[in-house]
Amino acid sequence: MTDLSARNRRNKRKGSQWETDLREGLRGLGYDVESLRLAGTEDEGDMVVRIDGRFLVIEAKNATFEPSTFVREARAERVNYAKHRGLDLDKVTSVAVVKRRGMSFRKAYVLTTVEDYLGLDFQ
């Protein structure tokens, strides 16, 4: 086994643990959170939070900080989630939630665009 494959497995475990910590932390606060499965090129994100008839798709990241990439993924996953469920895109938002080293889920960064945050036209 190469060092690279061992490192990849370690990173995958850390990412999975981060998703679990985030999901369980949000559930512990009373949020309705569902884990999502990988869907290949039409991935829908890591989890969805249902709030008052709306859906927040979360892309959870525990990786080198790449905000542009993370937000782009989250936005694409929002579209896929809505499409696969026949939902109005206006009822679905998305964010990337990025783990901060040594911090709990409550101190993670939430990344989105001004356009998405303020509910401006999605383009």
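Begin with the whole chain shown as a surface: in this predicted model, the chain exposes about 8100 Å², and carbon and sulfur atoms supply 51% of that area. Of the 123 residues of the chain, 32% count as buried. If you orient the view along the principal axes, the C-alpha atoms fill a box of roughly 45 × 30 × 25 Å.

Among the contacts in the chain with a separation of 6 or more, 49% are accounted for by residues 24 or more positions apart.

Now go inside, and select Trp 18, Leu 22, Leu 26, Val 33, Met 47, Val 49, Ile 58, Ala 60, Val 95, Val 97 and Ala 108, the 11 residues of the largest nonpolar core. Helix H1 (3–28), strand E2 (47–51), strand E3 (54–61) and strand E4 (92–98) each supply at least two residues of this core, and the largest share, 3 residues, comes from H1. Apart from this core lies another one, of 7 residues, including Leu 36, Val 57, Ala 82 and Val 92. In soluble globular proteins, nonpolar side chains tend to be buried together.

Staying with the largest core, centre the view on Val 49, one of its residues. If its neighbours within four places in sequence are left aside, Val 49 is in contact with Leu 26, Tyr 31, Asp 32, Val 33, Arg 54, Phe 55, Leu 56 and Ile 58.

From there, move to Arg 106, which lies in the loop between E4 and strand E5 (109–111). Arg 106 counts as exposed because its relative accessibility is 59%, above the cut-off of 50%.

Finish on the surface by selecting Val 114, Tyr 117, Leu 118 and Leu 120, which form a nonpolar patch with about 490 Å² of accessible area together. Within this patch, Val 114 is found in helix H3 (residues 114–117), and Val 114 counts as exposed because its relative accessibility is 60%.

Notes:
Residues are numbered from 1 along each chain as its sequence is written. This is a predicted model: local features need pLDDT of at least 70, side-chain atom pairs count only at pLDDT 80 or more; totals for chains, interfaces and linings use all residues. Side-chain values use heavy atoms; hydrogens and water are left out. A nonpolar core is a set of buried Ala, Val, Leu, Ile, Met, Phe, Trp, Tyr and Cys residues joined through side-chain atoms within 4.5 Å. Buried means under 20% relative accessible area, exposed over 50%, partly exposed in between (1.4 Å probe, protein chains only). Helices (H or I, at least four residues) and strands (E, at least two) are DSSP runs, numbered from the N terminus. Contact means heavy atoms within 4.5 Å. Patches are made of residues with over 30% relative accessible area and no salt bridge: like charges are joined within 9 Å, nonpolar side chains (Val, Leu, Ile, Met, Phe, Trp, Tyr) within 5 Å. Accessible areas come from the Shrake-Rupley method with a 1.4 Å probe; for residues, only the protein chains shown count as cover. A salt bridge is a side-chain nitrogen of Lys or Arg within 4 Å of a carboxyl oxygen of Asp or Glu.
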